[in-house]
Amino acid sequence: MKNYTIREISEMFELPSYTLRYYESEGLLPEVPKSSSGQRIYSDEHVERLKCINCFKRMTIPQLRKFFIYEADEAAHIDKIISLLKDQEQIVNEKLIQLQKDSAHVHHKVEYYSEIKHALENNLPLPVWVDED
């Protein structure tokens, strides 16, 4: 099992160290041991937990806390886990739909400004913006 410093974990997840300390204080990263000099020592278990937290970023801290409590005793909480994950799946799907719309809009803008560039370079009339359908 590999150990990581707070700097390594911070870089790995692109999170500031204060966010890692906050997750720890909220019980999302339990049992982070410290070296004799007081530095936090993260393990592969913490890496896996942070991957989960990253995946569920749209969840609130209390929801994340619930998930990890339920996960500790899956058999007793399986229905609650499934319900929580279905709710999260819906949130992610809604966000994905919005991101797809945003991507299409940006693509439309790129095409429009490329047409303007072409018109300017070839001394042609400028195109008129047409909203997407």
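Modeller: Happy to; we'll go through some labels and check each against its cut-off. Keep in mind that this is a predicted model.

Colleague: Which residues is M59 in contact with, leaving aside its neighbours within four places in sequence?

Modeller: Those are L64, L84 and Q88. Contact here takes heavy atoms within 4.5 Å. There's also D87, which is 28 residues from M59 in sequence, with 9.4 Å between the two C-alpha atoms.

Colleague: What makes S43 a buried residue?

Modeller: Its relative accessibility is 10%, and the limit is under 20%, so S43 counts as buried. S43 sits in strand β2 (residues 42-43). Beyond four places in sequence, S43 touches M1, K2, N3 and Y4.

Colleague: And H46, why is that one called buried?

Modeller: Again the value has to be under 20%. H46 comes in at 6%, so H46 is buried. H46 belongs to helix α3, and the residues it touches, not counting those up to four places away in sequence, are L29, P30, E31, V32, P33 and I41.

Colleague: E31 is on that list. Why does E31 count as exposed?

Modeller: Exposed means over 50%. E31 has 76% relative accessibility, so it passes that mark. E31 lies in the loop between α2 and β2. Its phi is positive, near 55 degrees, in a residue other than glycine.

Colleague: What makes E14 exposed?

Modeller: With a relative accessible area of 73% against a cut-off of over 50%, E14 is exposed. E14 is in the loop between α1 and α2. Though not a glycine, E14 has a positive phi of about 50 degrees.

Colleague: How do you know that the buried residues of α2 line one face of the helix?

Modeller: The buried ones in α2 are T19, L20 and Y23. Looking down the axis of α2, these buried residues fall within an arc of 100 degrees, so they line one face. In general, an α-helix has 3.6 residues a turn, so residues three or four places apart point the same way. The face turned away from the buried side of α2 carries the exposed residues Y18 and S25.

Colleague: What do the buried residues of α2 pack against?

Modeller: They pack against α1, β2, α3 and α4. After α2 comes G27, with a positive phi near 85 degrees.

Colleague: What is in the largest nonpolar core?

Modeller: It has 23 residues, and I9, Y23, L50 and L64 have the most contacts inside it. At least two residues each come from α1 (6-13), α2 (17-25), α3, α4 and α5 (74-121). The largest share, five residues, is from α4. As for L64, setting aside neighbours within four places in sequence, it contacts L28, I53, F56 and M59.

Colleague: Last one: how many cavities of 30 Å³ or more does a search of the whole structure find?

Modeller: The search finds one, and the largest cavity has a volume of about 30 Å³. P30, E45, H46 and R49 line it. By class, that lining has one nonpolar, one polar and two charged residues.

Key: Residues numbered from 1 in each chain as written. Predicted model: local features only at pLDDT ≥ 70, side-chain atom pairs only at ≥ 80, totals over all residues. Heavy atoms only, no water. Helix = DSSP H or I, 4+ residues; strand = E, 2+ residues; numbered from the N terminus. Buried < 20%, exposed > 50% of the residue type's maximum accessible area, 1.4 Å probe, protein only. Core = buried A, V, L, I, M, F, W, Y, C linked by side-chain atoms within 4.5 Å. 1 Å grid on protein atoms, 1.4 Å probe; cavity = no way out; pocket = protein on both sides within 12 Å on 5 of 7 lines; lining within 4 Å. Points joined across faces, edges and corners; volume = space filled by probe spheres on them. Nonpolar A, V, L, I, M, F, W, Y, C, P; charged D, E, K, R; others polar. Arc of directions from axis to C-beta.
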